[in-house]
Structures are given as C-alpha cells and as structure tokens.
Amino acid sequence: MKDLYRCVVDAAGNYKTFVLLDKAGQPQYYQLAAGERLVDASPPAIRPHVGAAGFIRPRWTGSAWAEAATAAETEQWEQANPAPEITAPQPTPEQQQLAALTFKQAQQDATIAQLQQANAALMLQLAQTQAAGRGEIDA
C-alpha cells in the first residue's frame, strides 16, 4: 500500500503540520484537535529567513496556500529571522599555493607555445634560405 500523507489545518485553514495516515486513513502519531481537519495538498513551503521563498503563516483557501500573516506580523517575523550572512570562503594556504603553481604552469605553457612558433618560423626561413642558395626557389 502506498503511504498517504495529508496536511493538518485548523478551523481557520491555518497550516499546522504534515502527517502520515494509517491504513484506516487516520493520522499516525498525531491526534486531531477540535476544529482541525485533513487537507489533501502538498505542504506549504515555510519561509526560513528574509529573502527566501515561502510562507510565514500559510493558510489553506480551499484550493491553494496563501499568506495569512499580517503586515505587522511579517515585519516582526523579518526582524527575528534576518537573511544569513554569506561570506565567500577563504582559500587555504594549500589552495593558494596550488593556484599560484597552476598560474605559473599556464604562463610557462604559453611561453613554450610562443617559442615553438618562433622556432618554426626560423626553421622555415632557414629552409627557404638554403633552397635559395641552391637555386631551388624562384625569386
């Protein structure tokens, strides 16, 4: 049998929790309180902090979740749940050394490529000069 899940809402439609139903269709490990009912819907996304998506106080409208928090509740919640500070991780000394070595290797590879091109051009000039000296190339 496939597990069945439901959302629990109070009499006003405010989201309470998400429950697993037993074979009889009753919530497992949860006792419905007076006025509470089960809703066949995916649970609402709960907003973890300012700037994140989701609801502060979700309410079931009968067909979808809607925000039930008032402007004052939202302001109070935002003060209590600021966005986390995201700091860029600092590279370890080993990572810095590896980056420096990688950069140096790239510079050396570029120098080698330039020298190979210069060498090829000189070899071509030498071959042309030798051929001209033997009269093999028409001027």
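In what order do the 3 strands of the open sheet lie, and is the pairing parallel or antiparallel? In this predicted model, the order is β2-β1-β3 and the pairing is antiparallel. β2 and β3 are the edge strands, each pairing on one side only. From one strand to the next, the twist averages 40 degrees. Strands of a sheet pair through backbone hydrogen bonds, in either a parallel or an antiparallel way.

**Strand pairing**

Strand β1 covers residues 4-9 and is joined to β2 by 6 bridges.

**Core and tyrosine 15**

Which residues make up the largest nonpolar core? It has 7 residues in all: Cys7, Val9, Tyr15, Val39, Ala41, Trp60 and Trp65. In soluble globular proteins, nonpolar side chains tend to be buried together. Tyrosine 15 touches Cys7, Val9 and Trp65, and its contacts also include Val8, Ile46 and the prolines Pro43, Pro44 and Pro58.

**Two buried polar residues in loops**

Asparagine 14 is placed in the loop between β1 and β2. Its relative accessibility is 11%, so asparagine 14 counts as buried. The side chain of asparagine 14 makes a polar contact of 3.1 Å with the side chain of arginine 59. Beyond its sequence neighbours up to four places away, asparagine 14 touches Val8 and Val9, along with Arg57, Pro58, Arg59 and Ala68.

Glutamate 36 is in the loop between β2 (15-21) and β3 (37-39). Is glutamate 36 buried or exposed? Glutamate 36 counts as buried because its relative accessibility is 15%, and the cut-off for buried is under 20%. Two polar groups lie by its side chain: the side chain of tyrosine 30, in a polar contact of 3.0 Å, and the backbone nitrogen of alanine 33, which lies 2.8 Å from a polar atom of the glutamate 36 side chain. Residues touched by glutamate 36, leaving aside those up to four places away in sequence, are Val8, Val9, Asp10, Lys16, Tyr30 and Gln31.

| Side chain | Partner side chain | Distance |
|---|---|---|
| Asparagine 14 | Arginine 59 | 3.1 Å |
| Glutamate 36 | Tyrosine 30 | 3.0 Å |

Tyrosine 29 is found in the loop between β2 and β3. Most residues other than glycine have a negative phi. The phi of tyrosine 29 is positive, near 60 degrees. With a relative accessibility of 80%, tyrosine 29 counts as exposed.

Alanine 66 is found in strand β5, which covers residues 65-67. Its relative accessible area is 28%, so alanine 66 is partly exposed. Alanine 66 touches Phe55, Arg57, Pro58, Arg59 and Thr61, not counting residues up to four places away in sequence. Alanine 66 and proline 44 are 22 residues apart along the chain, and their C-alpha atoms are separated by 8.9 Å.

**Helix α2**

What span should the 41 residues of helix α2 have at 1.5 Å a residue? Helix α2, residues 93-133, should span 60 Å, and its end C-alpha atoms are 59 Å apart, so the two values agree. After α2 comes glycine 135, whose phi is positive, near 80 degrees.

Note on methods. Residues are numbered from 1 along each chain as its sequence is written. This is a predicted model: local features need pLDDT of at least 70, side-chain atom pairs count only at pLDDT 80 or more; totals for chains, interfaces and linings use all residues. Side-chain values use heavy atoms; hydrogens and water are left out. Helices (H or I, at least four residues) and strands (E, at least two) are DSSP runs, numbered from the N terminus. Buried means under 20% relative accessible area, exposed over 50%, partly exposed in between (1.4 Å probe, protein chains only). Contact means heavy atoms within 4.5 Å. A polar contact is a pair of N or O atoms within 3.5 Å; within protein, one must be able to donate a hydrogen and the other to accept it, and residues adjacent in sequence count only if both atoms are side-chain atoms. Two strands pair if DSSP finds at least two bridges between them. Axes are lines fitted to C-alpha atoms, for helices over the stretch in contact, and angles run from 0 to 180 degrees between N-to-C directions. A nonpolar core is a set of buried Ala, Val, Leu, Ile, Met, Phe, Trp, Tyr and Cys residues joined through side-chain atoms within 4.5 Å. The expected span of a helix is 1.5 Å times one less than its number of residues.
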